[in-house]
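Me: Please take a close look at the aromatic rings in this model and how they pair. After that, follow the chain into the strands and helices, and explain each term as you use it.

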Amino acid sequence: MNEQFKAVRVSEHVYWVGAVDWAVRDFHGYSTDRGSSYNAYLVMADAVTLIDTVKAPFKNELLSRIASVIDPRDIRYIVSNHSEMDHSGCLADIWDIVRPEKVFASVMGAKALLEHFHLDREIVPVKDGESLSLGNVELRFIETRMLHWPDSMFTYLGEDQLLFSQDAFGMHLASGERFADEIDDGVLEYEAAKYYANILLPYSPLVAKLLARVDSLGLTIETIGPDHGPIWRKDVQRIVDWYARWCVQKPTLKALVVYDTMWQSTAAMARAIGEGLVESGASARLMPLASTHRSQVATEILDAGALIVGTPTLNNNIFPTVADVLTYLKGLRPRNLIGAAFGSYGWSGDGVAQVRDALNQMKIEPIGEDIKIKYVPDDETLARCRSLGKLVAERLEEICAHE
Ligand code: FEO
């Protein structure tokens, strides 16, 4: 099968030549319900340059889109902004086909690419602030270490006022449309938030610094070309403002009640806590883990003020789905949360204490007494659960009033 894919013009010198992955539903543990794209860009300068490649199975789609503009062997340089394999998986193959004069990456990126692919080749390391002349236009490199890998960098094309931002400002969204202004606003904000929460959240303090730094560089940015999802060509400030909001994680009146259940006892407690939250003015989100993916929980936590977690005790342990989501959230390092633990048990009841330990490790401010009940909650226990919900809502009110 010889499929024909076309490049899409982005700006005076740039074409999008990436690949759309309509089928992917899991991205290293992150549920990608709307698929994704792996964006690569062709800079049609005197020295034609490819910015990033794509995930290995999409090599032919990349080559076909490049070939709709030029012979791929006319590419003089390749720049790798990020060495994670969704952007570098076919780099070695493309290198063999294109035979570029040089391949560039950040200092850490050059090392990471060689280590990933066990290559015995030279990658030219570029430093923060360095420029590369392509003849009629120039690329400028901006190191963005730990956003979200040690190798990550941005590349700026001043002549087109275009920032190639690798994972930053991206989202997992497969679409026929290439530009954000062609996509429904609600979908854009949800998927951008989901991406931020699941990929960038642990590095929020660095995001705040990076936004300030890019601002101080005084670059005019009319277009942002991320490595996933649509390209921002109108009102780029919108996604920048979202990042400025998300990296602060200002608490709100939203409280998540995340739980699983064996015989509906922990579920009944969760519902009672939810009622208490709502009665006292909080916005409750019950998230039963039998039907909620860990990455949805991460997305909701981005603008939440409280995390209340319920678990049954199974064989002296926390329930596996609850352990899964707590492990995932701990790695994402959410901030500014209050919380509580609860659950039903049969004989040992160790699960609730294990949830409490995890919440403590996440530096979540404890509210009230954790609630642990044997077998099935009675009316008195459910009233305690409602009271816990009210207590959390009242503390959230106090916190939000002081923000
Ligand atoms: Fe899209 Fe960090 O790779």
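Reply: Rings of Phe, Tyr and Trp (for Trp, its six-membered ring) count as a pair if their centres lie within 6.5 Å; planes under 30 degrees apart are called stacked, over 60 edge-to-face, and the rest tilted. By this rule there are eleven aromatic pairs. One of them joins Phe-169 and Tyr-243, with 4.6 Å from centre to centre and 45° between the planes, so by definition the pair is tilted.

The model is predicted, and for that reason local features need pLDDT of at least 70 and side-chain atom pairs count only at pLDDT 80 or more, while totals for chains, interfaces and linings use all residues. Residues are numbered from 1 along each chain as its sequence is written, and side-chain values use heavy atoms, with hydrogens and water left out.

Where do Phe-169 and Tyr-243 lie? Phe-169 is in the loop between strand S15 (162-166) and helix H5 (185-200), and Tyr-243 is in helix H7 (residues 237-246), so the pair links distant parts of the chain, 74 residues apart. Helices (H or I, at least four residues) and strands (E, at least two) are DSSP runs, numbered from the N terminus. Phe-169 has a relative accessible area of 5% and is buried; Tyr-243 is buried too, with 2%. Buried means under 20% relative accessible area, exposed means over 50%, and partly exposed is in between, using a 1.4 Å probe and protein chains only.

Tyr-196 and Trp-246 form another tilted pair, 5.7 Å centre to centre with 50° between the planes. Because Tyr-196 lies in helix H5 and Trp-246 in helix H7, this pair ties together parts that are 50 residues apart in sequence. Tyr-196 is buried at 0% relative accessibility, and Trp-246 is buried at 5%. The residues of both pairs belong to one aromatic cluster, formed by Phe-154, Phe-169, Tyr-196, Trp-232, Trp-242, Tyr-243 and Trp-246.

Phe-154 is in S14, where Ile-142 stands opposite it. S14 (residues 153-157) and S13 run antiparallel and are joined by five bridges. Two strands pair if DSSP finds at least two bridges between them. Strands of a sheet pair through backbone hydrogen bonds, either parallel or antiparallel. In the loop between S13 and S14 lies His-148, and a cis peptide bond joins Leu-147 to His-148, with omega about 0°.

S13 (residues 138-143) also pairs with S12 (residues 131-133), in the antiparallel sense and over three bridges. Leu-132 has Leu-139 of S13 as its bridge partner. The hairpin of S12 and S13 has four residues between the strands, and Gly-135 takes a positive phi near 95° there.

What is the phi of Gln-166? The value is near 40°, which is positive in a residue other than glycine. Gln-166 is buried, with a relative accessible area of 0%. Asn-315 also has a positive phi, near 50°, and is not a glycine either. Asn-315 lies in the loop between strand S20 (313-314) and strand S21 (317-318), and with a relative accessible area of 60% Asn-315 is exposed.

An α-helix has 3.6 residues a turn, so residues three or four places apart point the same way. Just after H3, Arg-99 takes a positive phi of about 50°.

Strand S10 belongs to an open sheet of seven strands, in the order S1-S2-S7-S8-S9-S10-S11, with mixed pairing. Its edge strands are S1 (8-9) and S11 (124-126), each of which pairs on one side only. S10 and S11 pair in the parallel sense over three bridges, and Ser-106 stands opposite Val-126 in S11.
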